[in-house]
Amino acid sequence: MVVELKYNQTADSAIQQIKSRRYQGALSGYGDRILLVGVNYDADGADIKKHTCKIEELCNA
């Protein structure tokens, strides 16, 4: 599993960063299925925080 966290951006941009920088390459010897997880945290005020998450599966068959 590769996880990328963002702040006030998007979960999609986190997934795109994983793919563009090829972070999953470090796990190539661990199996043929890798999960990419992008999480974004947004601050909408002092006490309100929201998050979004996107998960994609890569199959290295």
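The following legends describe close-up views of a predicted model.

Residues are numbered from 1 along each chain as its sequence is written. Local features need pLDDT of at least 70, side-chain atom pairs count only at pLDDT 80 or more, and totals for chains, interfaces and linings use all residues, while side-chain values use heavy atoms, without hydrogens and water.

View 1. Three strands, in the order 1-2-3, form an open sheet with mixed pairing (strands are DSSP runs of E, at least two residues, and helices runs of H or I, at least four, numbered from the N terminus; two strands pair if DSSP finds at least two bridges between them). Strand 1 (2–7) and strand 3 each have a single partner strand, so one side of each lacks a neighbour in the sheet.

**View 2. Strands 2 and 3.** Eleven bridges join strand 2 and strand 3 in the antiparallel sense. Glutamate 57, in strand 3, is the bridge partner of leucine 35.

**View 3. The nonpolar core.** The largest nonpolar core consists of five residues: Val2, Ile15, Ile18, Ile34 and Leu36. Such a core is a set of buried Ala, Val, Leu, Ile, Met, Phe, Trp, Tyr and Cys residues joined through side-chain atoms within 4.5 Å; buried means under 20% relative accessible area, exposed over 50%, and partly exposed in between (1.4 Å probe, protein chains only). Helix 1 (11–20) and strand 2 (33–43) each contribute at least two of the core residues.

**View 4. Two cysteines.** The structure contains zero disulfides (pairs of cysteine sulfur atoms within 2.5 Å). The sulfur of cysteine 59 lies 18 Å from that of cysteine 53, too far for a bond. Cysteine 53 is partly exposed, at 44% relative accessibility, and cysteine 59 is exposed, at 56%.
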